[in-house]
Amino acid sequence: MRLACDTGGTFTDLVVEDGETIRLFKSSTTPDDPVRGVLNALALAAEDAGENLSTFLGRAEAFIHGTTRAINAILTGNTARTAFLTTEGHPDVLVIREGGRIEPFNFSVSYPEPYVPRRLTFEVPGRIAADGAVRKELDEAAVIAIIEKLKALKVEAVGVCLLWSIVNDAHEKRVGELLEEHFPGVPFTLSHALNPTLREYRRASATVIDASLKPLMFDYLDSLTRRLRDAGFSGRTLMVTSGGGIMDAEAVARAPIHSINSGPAMAPVAGRFYSSRDFDGAPAIVADTGGTTYDVSLVRDGRIPWTRETWIGQRFRGHMTGFPSVDVKSIGAGGGSIAWVDEGGLLRVGPRSAGSTPGPVAYGKGGTEPTVTDCSIILGYIDPHFFLGGTMVLDREAARAALRDKVADKLGLSVEEAASAVLTLATEKMVGAIDEITVNQGIDPSTAVLIGGGGAAGLNAVAVGRRLGCAGVLIPEAGSVLSAAGALMSEISSDYARMQYTTSKRFAFEAVNGVLAELEQKCRAFADGPGADALDVEIEYFVEARYIHQIWEIEVPLAGSRITDEAELSALKDAFHRTHMTIFEISDPHSEIEFVTWRAKVKCRIRSGGTGQLPTRPGLSGQPQRPVYFSQTGWTDAEVVRFEAMESDVLVNGPAIIESSFTTVVVDPDTQARRTEGGGLRITF
């Protein structure tokens with residue numbers, strides 16, 4: 001038995017995979033103590049299995065966890081008090097960044113503050129040259145004096161990024177040794193060990209972000225593993241990473257930057273599997289609708305989307321993580337997004353969210369602002385007596401009163417018209433987000449399937465799909481907990497990199513192959529350690545390269561693990577030209593190429609296929625019909641079908657409501673839905 005848990009801003013999702021069967025559970029996220037929300041979800045699963053929690057957890061082999069803990073800490077400023085140590089004469093690395101502005105001539109926007117303020121930035125005397133030679137010896141006495149200042153300033157973490165440490169790491173290592181000796185117990189991060197990339201700002205930013213998260217994430221993961229163990233769990237605790245893989249919790253605690261986007265990264269992994277299973281591998285627009293955000297990604301040709309331009313916050317105005325991650329676009333349009341009227345009398349939805357505390361008005365937990373969820377209750381989409389399987393009764397009249405006061409009366413609309421307008425506006429925001437990753441990347445949405453994930457996905461997934469003209473909409477059987485389901489499908493993985501500059505005209509075969517051999521050795525060691533007992537192991541090799549005199553590199557896959565002769569070098573050059581053409585619609589086959597950083601990624605597959613299936617429960621039924629409001633029809637009686645009771649290939653014609661304990665799917669008029677052989681819900685227009 002394996003467990004996967006994703007802690008979101010509103011709900012904590014849990015998937016229990018027992019053999020070829022999965023079961024889904026949700027509990028409210030507890031922001032003051034997220035581990036309590038995890039244990040609450042586990043308690044629900046144990047109760048459903050008819051076991052006490054200790055017995056239930058004792059049967060589990062693995063617990064895979066995704067959390068927004070790290071990203072929330074950064075966004076709210078609740079990270080550790082962090083100092084930045086850099087080479088003397090270069091204290092402005094985090095201030096200057098890489099240049100760039102969203103609006104080059106908008107000087108009304110203040111220059112963004114650095115991740116670590118200047119008062120906590122310290123210059124270390126000593127200098128390594130670009131060729132690795134020591135131009136100036138490290139001044140150890142000065143480093144010790146800096147450490148004394150750090151103590152006086154009550155610094156809680158330290159990031160160290162010295163010039164050219166990726167070529168010669170001696171000075172950085174020595175600073176680390178001095179920190180261990182003179183500042184024991186305070187965590188630190190060395191840039192060459194964390195992110196050996198050529199880009200100074202990216203390496204420095206990654207270093208200080210990672211260091212700032214270490215105290216928080218160590219305490220969180222220590223609390224999680226300890227409380228799971230005390231509750232009866234003796235299996236392996238794994239964490240979801242931003243790169244779409246999983247790592248041991250201990251490894252993430254040592255490098256917590258990998259957990260920043262751990263939640264959203266899993267949805268595309270699940271989306272790729274479901275698209276292949278139920279839509280013949282069509283391009284998949286994967287939309288994960290949570291309580292707070294709407295996360296969108298695009299899977300095509302069976303590939304998970306990647307980006308090296310990973311920013312926390314706005315591009316150029318936020319902070320760069322310096323690591324590749326799954327490319328996910330997020331907007332503030334989830335089930336908890338608040339509907340409001342601005343000073344100009346225009347209806348707005350989001351980006352503010354009611355979250356789990358206080359939550360939508362209908363939750364009865366003190367919320368006063370109407371949300372998308374409240375509007376869905378008003379329109380009859382959500383049964384207030386069957387929310388979370390009836391474990392939580394919602395107050396529909398309170399939702400109506402709040403929407404009337406905050407929105408409907410201000411716009412001169414009926415409550416139903418206002419609620420419908422809120423859903424329509426939320427739909428348009430979602431369509432806009434999808435346009436950016438499809439039309440803007442040359443993808444015709446009519447050739448793609450929209451995969452709806454998250455508890456609120458079904459409320460308007462069909463409306464979004466129809467608006468885009470998609471080939472269809474798929475709500476997977478585990479769609480309400482899509483990210484947690486993706487965690488069960490993911491692989492144990494790790495990345496390694498090393499800089500070795502060379503050119504296509506004077507290619508350093510021996511040096512490059514030495515680097516590739518070193519990277520392979522690290523990958524093999526990982527496979528024999530954390531990846532032991534995997535079904536299979538795959539190692540992929542890449543190089544970051546550019547045309548001579550270009551500034552930015554692109555990543556090019558290697559056909560093999562070595563480059564031993566001119567023929568293999570020629571194949572690599574051809575691969576670079578093709579990749580450049582794909583990205584920029586231009587290539588220059590006669591130009592010299594510079595190869596900069598070499599990378600290897602090891603993936604250890606621990607499960608074949610996707611997840612198990614939800615068991616069907618024939619004969620299960622609720623109310624046969626209920627009044628539902630659609631803008632094109634007004635109030636109409638819609639058929640109500642229980643998802644768990646649906647047999648495969650039985651058509652349900654809209655208007656209809658297909659609901660389970662965890663999600664509600666609104667089947668619009670003039671659309672059809674059927675359950676696939678795999679267990680998902682396929683809607684066509």
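Colleague: What should I keep in mind about numbering and about the limits of a predicted model?

Modeller: Residues are numbered from 1 along each chain as its sequence is written, and side-chain values use heavy atoms, with hydrogens and water left out. Because this is a predicted model, local features need pLDDT of at least 70 and side-chain atom pairs count only at pLDDT 80 or more, while totals for chains, interfaces and linings use all residues.

Colleague: How many salt bridges does the structure hold?

Modeller: Side chains of opposite charge can pair when their charged atoms come close. A salt bridge here is a side-chain nitrogen of Lys or Arg within 4 Å of a carboxyl oxygen of Asp or Glu, and the structure holds 42 of them. One of them joins glutamate 103 to arginine 317, with the closest N and O atoms 2.7 Å apart. Glutamate 103 sits in the loop between α4 (93–96) and β6 (121–124), and arginine 317 in the loop between β16 (311–312) and β17 (319–320), so this pair ties together parts that are 214 residues apart in sequence. Helices (H or I, at least four residues) and strands (E, at least two) are DSSP runs, numbered from the N terminus.

Colleague: Is glutamate 103 buried, exposed or partly exposed?

Modeller: Buried means under 20% relative accessible area and exposed over 50%, with partly exposed in between (1.4 Å probe, protein chains only). Glutamate 103, at 37%, is partly exposed, and arginine 317, at 26%, is partly exposed too.

Colleague: Which residues are linked with Arg36 in a network of salt bridges?

Modeller: Asp32, Asp33 and Arg227 are linked with Arg36 in that network. Within it, arginine 36 bridges to aspartate 33 with the closest N and O atoms 4.0 Å apart.

Colleague: How many residues are in the largest nonpolar core?

Modeller: In soluble globular proteins, nonpolar side chains tend to be buried together. A nonpolar core is a set of buried Ala, Val, Leu, Ile, Met, Phe, Trp, Tyr and Cys residues joined through side-chain atoms within 4.5 Å, and the largest one has 95 residues, with Tyr274, Trp598 and Leu681 among those with the most contacts inside it. Helix α16 gives the most to this core, with 7 residues. A second, separate core has 77 residues, including Cys5 and Phe25. As for contacts (heavy atoms within 4.5 Å), leucine 681 touches residues including Val473, Phe643 and Ile658.

Colleague: Which residues form a nonpolar patch on the surface?

Modeller: Such a patch is made of residues with over 30% relative accessible area and no salt bridge, like charges being joined within 9 Å and nonpolar side chains (Val, Leu, Ile, Met, Phe, Trp, Tyr) within 5 Å. Here Ile583, Phe584 and Ile586 form one, with about 300 Å² of accessible area together, an area that comes from the Shrake-Rupley method with a 1.4 Å probe, where only the protein chains shown count as cover for residues. Isoleucine 583 lies in helix α17 (residues 566–584).

Colleague: Why is strand β11 largely enclosed by the rest of the structure?

Modeller: In strand β11 (residues 236–240), 4 of the 5 residues are buried, so the rest of the structure largely encloses it. Two strands pair if DSSP finds at least two bridges between them. Strand β4 (residues 62–67) pairs with β11 in the parallel sense over 4 bridges, and phenylalanine 63 has threonine 237 as its bridge partner in β11. On the other hand, β11 and strand β12 (residues 246–248) run antiparallel, joined by 3 bridges.

Conventions: Lists of a residue's contacts leave out its neighbours within four places in sequence.
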